[in-house]
Amino acid sequence: MTASERRWWLLVTVGAGLLLITLDNSILYTALPTLTEELGASGSAALWIINAYPVVMAGLLLGAGTLGDRIGHRRMFVVGLVIFGAASAAAAFSVSPGMLIASRALLAVGAASMMPATLALIRLTFDDAKERNIAIAIWGSLSVIGAAMGPILGGLLLERFWWGSVFLINVPVVVVALIATTIIAPRNDADPTKKWDLLSSIQAMVGLVGTVLFIKELAHVPQNWPLVAAAAVAAVVGFTAFVRRQRRMAEPLLDFSIFRNRAFSGGVLAAAFAMFTIAGAQLITTQRFQLVEGFSPLQAGLLVAAIALGALPSGMLGAAFLDVLGLRLIISGGLGVGALGLVLSITAAATDTFMLLVAGFIVTGMGLGGAFSVASAAIMGNAHPARPVWLRPWKRSPTRWGHSRRSPCWEAC
């Protein structure tokens, strides 16, 4: 196998890991009514079955990147795969809502271990700047596609198997990815001098859990005001402690000065908008059409898969034309097209026009798929050099970030 072939096969391998991460964030949207009924889960338990995964993963993600620098990103990816596979098996055979929630939290630990490593391995393997831009854009596209395809895969599995199959499907993918990693991935490059700050991750997670619980209880009728107040206090204390700790540390997990870079901040905002929009549209649509319109899980999954249908080509085109059109035009244009798709979807919901809803989802995917893939490249290309390797920029890049190469921002990148 040539060096060039090895690079692209590595991208396939880490892409498989990334697809597992994003699929598991949305695969329960169509499976939730079924597993809630089978396990006898309450409304609150159903909330945490969904939210335990993204909340725990978000809390651990920054710390996992630094830990990967310390022990090596190849090793971190392998450890993450093993944890993810074991947690998937535990989730598939859960006998209670509590066990499923705990398994989902363990899944998040594996996902948080893998996700920074996928980027770091790409960063370490792709030496050519243009190839790296394409690889990162493909990485971003896979994130959107995985999130969009989760509901249809969940619906397809529920048509033929029991609800645990939506988790058990991860195990064979994990096994294949583990074998491929041992053959293709670069050698483990550990740096024991790097410090891992677990306390910062815990503080972030306390803030995130408090925020989710606050929103959930505030929307609940009647409200449990003591719990609402406790959740608000936890959110404020957690995030305040996290921010203060980062400002005191010589090597913080999150250097807030990086947000002064407009390209980086724009990339973060665009990526967040794209993912929250897709997740919200999928969750609301799948639940409504299953519980109100009588759709099967597969039918509901096929409906929201229209987002992936639009996201796949636009993500690839965004990567191909990034050097030509530049960051600003693709992201702003993609978000504008995505907003148009949302308007069409809202109009369809108000007028009960099914085909208009499908068209709206396709247009939304076209806009947000391209915006997210390019936003990923913007985040990677404009991170501060002191950041962990999975967020470090490369020395030279032909990509136009929307400003002159001679500008201070370009030099800082």
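**The main core**

Tutor: Start with the largest nonpolar core: 59 residues, with Leu28 and Phe167 having the most contacts inside it. (Such a core is a set of buried Ala, Val, Leu, Ile, Met, Phe, Trp, Tyr and Cys residues joined through side-chain atoms within 4.5 Å; buried is under 20% relative accessible area with a 1.4 Å probe, protein chains only.) At least two core residues come from each of H1 (3-26), H2 (28-39), H3 (43-71), H4 (73-92), H5, H6 (129-160), H7 (165-168) and H8 (170-184), helices being DSSP runs of H or I, at least four residues, numbered from the N terminus. H5 gives the most, 11 residues.

Keep in mind that this is a predicted model, where local features need pLDDT of at least 70 and side-chain atom pairs 80 or more, while totals for chains, interfaces and linings use all residues. Numbering runs from 1 along each chain as its sequence is written, and side-chain values use heavy atoms, without hydrogens or water.

Now zoom in on Leu28: setting aside neighbours within four places in sequence, its contacts (heavy atoms within 4.5 Å) are Leu35, Ile49, Ile50, Arg104, Val166 and Phe167. Apart from this core lies another, of 29 residues, including Ile258 and Phe361.

Back on H5 (residues 97-125), have a look at Thr125. Thr125 is buried, because its relative accessible area is 14%. A polar atom of the Thr125 side chain lies 2.6 Å from the backbone oxygen of Leu121. Beyond four places in sequence, Thr125 touches Arg7, Leu10 and Pro186.

Zooming out, the chain has 16 helices and zero strands, and 53% of its 413 residues count as buried.

How values were computed:
Buried < 20%, exposed > 50% of the residue type's maximum accessible area, 1.4 Å probe, protein only. Polar contact = N/O pair within 3.5 Å; in protein donor to acceptor, adjacent residues only side chain to side chain.
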